[in-house]
Amino acid sequence: RSKLLTVDRFGYGTPVTMTPKCKLAAQEYPGPRSSVPLCFQPADEFEVDTRPVYTRGDERCVDVEVLAAAAPVLTAPYHWNAHHASLEGIAPGVLAAHAALPDMGGVREYSIGVGCVLEFDVAGMDARGASSLEMLPLRTTVTTLYSQRELDTPLPAGAVLGATSGTNPATAAFRWQPERGMEGRKYTICFFVRSTVEAGCVQDFYVAPYHGHASQFCVEVSVERCRVCARPGETLASIAEEYRTSVNQVWGGNVMRQAQHLAVGQVLDFGPTYEVGHDETLAEVAAKLATPMEHLFALNPDLRERRAALSATPGEALRASKGNYEPGTAPWAMQAGTMMPDAQSLCFTPPICSYEALPTASSPDVAAFQCEDCDGGREYCTAPRCVAGVGAGPWEDAACSRFVGRRCQRCTACRTEEVGPAGDITVPGEYRAAGCDGEVAGGVCEDCTADAVCQACTVCAASQVEVRKCTPLQDRVCARAGAPGAAFLPE
């Protein structure tokens, strides 16, 4: 019963004060909004013939929505808050404060090859100092040009979200190393924040009910085709064998000093990619790329979803917008908020290198090789390649215990001089002062022709004029103004 305090034209009234506890608020955001009914019933007591009489009126109820008094802000891997997520059931003051926060940006999309390591922090904080935060995985959705599905586990195979460090602010480390068979797929990995306000009161934020919901906090990871990172124990030979190519192919397509020295984590491109054209079938592409269809299926796992249709005669056309849709408007280009390419890309390993394996030291081919086989002026003949030595490679000649073969190496290109509109030199040039001339004394390859030696171009003095320009192959020639053979420029 409440004490009667005031009387007005509506009758007696009394103020009601309610201080809701955290337990009365919603437990998930977004989620069903929390509504607490408050019911009142008027009662009267009076006497009739000295006997007490009690009467009660009809019960009346009001629904009171209990709003969250605070919400966490995510600060990594990018900035995200209740305002961005359009969360409901949050106190207006909290939403206004979140909207006023500067967007600190961050990274939402990653591209990574098989075997490469992706690492980033999932971090957040809550202005309500009493709350304790925990970062947790929500779901992972995999998208290709042909399908979209949610994984049975919240994280992709091999991915780990470490234990949360700290309470407010809080951070959890994410780490993932994509596996073979994931190429050509985009992984949308989502997280949520669990906030413990007080004992027995836990609230979860950014628990999007489905993929593509406005409230989801996710990163998108595209697993690249034709790109891998070397793992412990792997060699160029093992990688080349796994991807149906050769050591020369992989070595020739990457910047590497020595084929036998492969560092763990080193990024390797083992082939190019081809973007499918208008209404092309897999059989047509295979013929164009001189690559068996089975190789294309092996190197592009996303194609296996449509193996039967793509392998049929005639085969189903590979997906490409050219000639069919405007960019970004194809049915597969936007799938529940996940943006996909306009056309199918294919990794393939064409036979672009025709070099044979380097001969061993005991092979007669070593003696038969002559430096004049190199393209004079464009290539120089190297010393034998070191394949074993003292300590870890690569090895200098003094530490080398076994050499193999000789080979031609492309000459170093000297820097080209650039001149501005006023005739002033904007980029100093160089010319080839020595080496790379293709000459071998007596036809014997002893020390072999040296690589190009680049020297800075000569700059004419104020009293001189230019007779010949400096090019990467020759130096500038200057002469005294007015001298025979020199152009004369009057004062």
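This is a predicted model: local features need pLDDT of at least 70, side-chain atom pairs count only at pLDDT 80 or more; totals for chains, interfaces and linings use all residues.

Biologist: How many helices and strands does the chain have?

Modeller: The secondary structure comes to 8 helices and 32 strands.

Biologist: And what share of the residues counts as buried?

Modeller: Of the 491 residues, 37% count as buried.

Biologist: What about contacts between residues 24 or more positions apart?

Modeller: Such residues account for 63% of the contacts in the chain with a separation of 6 or more.

Biologist: On to aromatics. How many aromatic pairs are there?

Modeller: The count comes to 11 aromatic pairs. One of them is Tyr78 with Phe217, a tilted pair at 4.7 Å centre to centre with 40° between the planes.

Biologist: Where do Tyr78 and Phe217 lie?

Modeller: Tyr78 lies in the loop between strand E8 (73-76) and helix H1 (82-85), and Phe217 is in strand E17 (residues 217-229), so the pair ties together parts that are 139 residues apart in sequence.

Biologist: Are Tyr78 and Phe217 buried or exposed?

Modeller: Both Tyr78 and Phe217 are buried.

Biologist: What about Phe120 and Phe191?

Modeller: Phe120 and Phe191 form an edge-to-face pair, 6.3 Å centre to centre and 90° between the planes. Phe120 sits in strand E10 (residues 118-125) and Phe191 in strand E15 (residues 186-198), so this pair links parts 71 residues apart in sequence.

Biologist: Why does Phe191 count as buried?

Modeller: Because its relative accessibility is 1%, and buried means under 20%. Phe120 is buried too, with a relative accessible area of 8%.

Biologist: Which residues form one aromatic cluster?

Modeller: Tyr110, Phe120, Phe174 and Phe191.

Biologist: And what lies over the face of Phe297?

Modeller: Arg307 does, at 4.2 Å from the ring centre.

Biologist: Switching to sheets. In what order do the strands of the open sheet with E8 and E10 run?

Modeller: The order is E8-E10-E14-E13, 4 strands with antiparallel pairing. E8 and strand E13 (160-161) stand at the edges, each with a single partner strand, so one side of each has no neighbour in the sheet.

Biologist: How many bridges join E10 to E14?

Modeller: There are 7 bridges between E10 and strand E14 (residues 170-176), which run antiparallel. Glu119 stands opposite Arg175 in E14.

Biologist: Now H5. Which of its residues are buried?

Modeller: In H5, Leu282, Val285, Ala286 and Leu289 are buried. They cover an arc of only 100° around the axis, which puts them on the same side of H5.

Biologist: Why would residues at that sort of spacing point the same way?

Modeller: An α-helix has 3.6 residues a turn, so residues three or four places apart point the same way.

Biologist: What covers the buried residues of H5?

Modeller: The cover includes E19, helix H6 (293-299), helix H7 (307-311) and strand E22 (345-347).

Biologist: And what does the face turned away from the buried side of H5 carry?

Modeller: Ala287 and Lys288, which are exposed. After H5 comes Ala290, whose phi is positive, near 55°.

Biologist: Where does Glu280 lie?

Modeller: Glu280 is in the loop between strand E19 (273-275) and helix H5 (282-289). Glu280 is buried, with a relative accessible area of 10%.

Biologist: What does the side chain of Glu280 make a polar contact with?

Modeller: The side chain of Tyr274, at 2.8 Å. Leaving out residues up to four places away in sequence, Glu280 touches Tyr274, Val285, Lys288, Ala317 and Leu318.

Biologist: Last one. What does the side chain of Gln203 reach?

Modeller: It reaches the backbone oxygen of Ala26, at 3.4 Å. Gln203 is in strand E16 (residues 201-205). At 2% relative accessibility, Gln203 counts as buried. Beyond its neighbours within four places in sequence, Gln203 is in contact with residues including Cys22, Tyr29, Ala68, Arg128 and Val193.

Conventions
Residues are numbered from 1 along each chain as its sequence is written. Side-chain values use heavy atoms; hydrogens and water are left out. Helices (H or I, at least four residues) and strands (E, at least two) are DSSP runs, numbered from the N terminus. Buried means under 20% relative accessible area, exposed over 50%, partly exposed in between (1.4 Å probe, protein chains only). A polar contact is a pair of N or O atoms within 3.5 Å; within protein, one must be able to donate a hydrogen and the other to accept it, and residues adjacent in sequence count only if both atoms are side-chain atoms. Contact means heavy atoms within 4.5 Å. Rings of Phe, Tyr and Trp (its six-membered ring) pair if their centres lie within 6.5 Å; planes under 30 degrees apart count as stacked, over 60 as edge-to-face and the rest as tilted. A charge sits over a ring if NZ of Lys or CZ of Arg is within 6 Å of the ring centre and within 35 degrees of the ring normal. Two strands pair if DSSP finds at least two bridges between them. The arc is that of the directions from the helix axis to the C-beta atoms.
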